[in-house]
Amino acid sequence: MVRRDALGLRHFDFNGHVLILSFWASWCSPCLVELPTFSQMQKKLKNQGLQVLAVNVEDGNDGKKFAEDFWARNKFDFFSFFDSTKALAESFQIDMLPSNFVIDKSGRLAFSGFGSTDWSSSQIVELIDGLLQEAPQQIAKRPPAPTPPAVLKSIQGPQDDEAAEEDVD
C-alpha cells in the first residue's frame, strides 16, 4: 500500500475517522519502531474508525525502495505516501522525525507527538479510544487543541478556507 504521492487524497476522505498522520524516513530508527505499532493499532481499531497514514519525506530512490520493501515485508495494512518535495512536511512545520498528528473525527488536531512516542502507553491508548468513542455533540463541545494555521490548511485543503475561518471563531 505504498503510493508514490497523495494526489487525490483529501481530508474529507477521512471525515468521521480518527486519523494518525505519521511523518517518517528510512534512516529514522524511532520511525521504524513506531510503524509496526501503528499497524497493530490499525488492525485492532480500523472497524471503530481509526485510519493511519504514513508520509515518507525522503526524496532519493534508495529511501523509496527501502520504504516499498519495508511495507511489503511487514505487510502493513495502512497507506504510506511519499512527500519527496516536502510540501506536506513544510505545511505541518516538520523539523524532526518521527512527527505524528492525531486528528479527530471532525478534522481537528487532538494530539501531536515529536520524536519517539510510546503509542502503546495507557495515555495514548486512552486518548485514541476516547476520540473513537466521541459522539458528534461531544466533539462540538470540546475545545480544539491549538492548531497552527498551516496545519489547518493542509488538513482542510484550499477549498475549505472559509469553513476553517468559521471554525476558529
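The model is predicted. Strands β2 and β4 each run parallel to β3, β2 joined to it by 7 bridges and β4 by 4 bridges. The disulfide joins C28 to C31.

**Strand β3**
- L50, V52, A54 and N56 point one way from β3.
- Q51, L53 and V55 point the other way.
- Residues on both faces of β3 are buried.

**Pairing with β2**
- Strand β2 covers residues 18-24 and runs parallel to β3.
- L21 stands opposite L53 of β3.
- Helix α1, residues 29-45, belongs with β2 and β3 to a right-handed β-α-β unit.

**Pairing with β4**
- Strand β4 covers residues 79-82 and runs parallel to β3.
- A54 has S80 in β4 as its bridge partner.
- A right-handed β-α-β unit is made by β3, helix α2 (residues 61-74) and β4.

**The disulfide**
- The count is 1 disulfide.
- The S to S distance between C28 and C31 is 2.3 Å.
- The link of C28 and C31 is right-handed, with 80 degrees about the S-S bond.
- C28 has 3% relative accessibility and therefore counts as buried, the cut-off being under 20%.
- C31 is also buried, because its relative accessible area is 1%.

Technical notes
Residues are numbered from 1 along each chain as its sequence is written. This is a predicted model: local features need pLDDT of at least 70, side-chain atom pairs count only at pLDDT 80 or more; totals for chains, interfaces and linings use all residues. Side-chain values use heavy atoms; hydrogens and water are left out. Buried means under 20% relative accessible area, exposed over 50%, partly exposed in between (1.4 Å probe, protein chains only). Helices (H or I, at least four residues) and strands (E, at least two) are DSSP runs, numbered from the N terminus. Two strands pair if DSSP finds at least two bridges between them. A crossover is right-handed if, with the strands pointing away from the viewer, the path from the first strand over the helix to the second runs clockwise. A disulfide is a pair of cysteine sulfur atoms within 2.5 Å.
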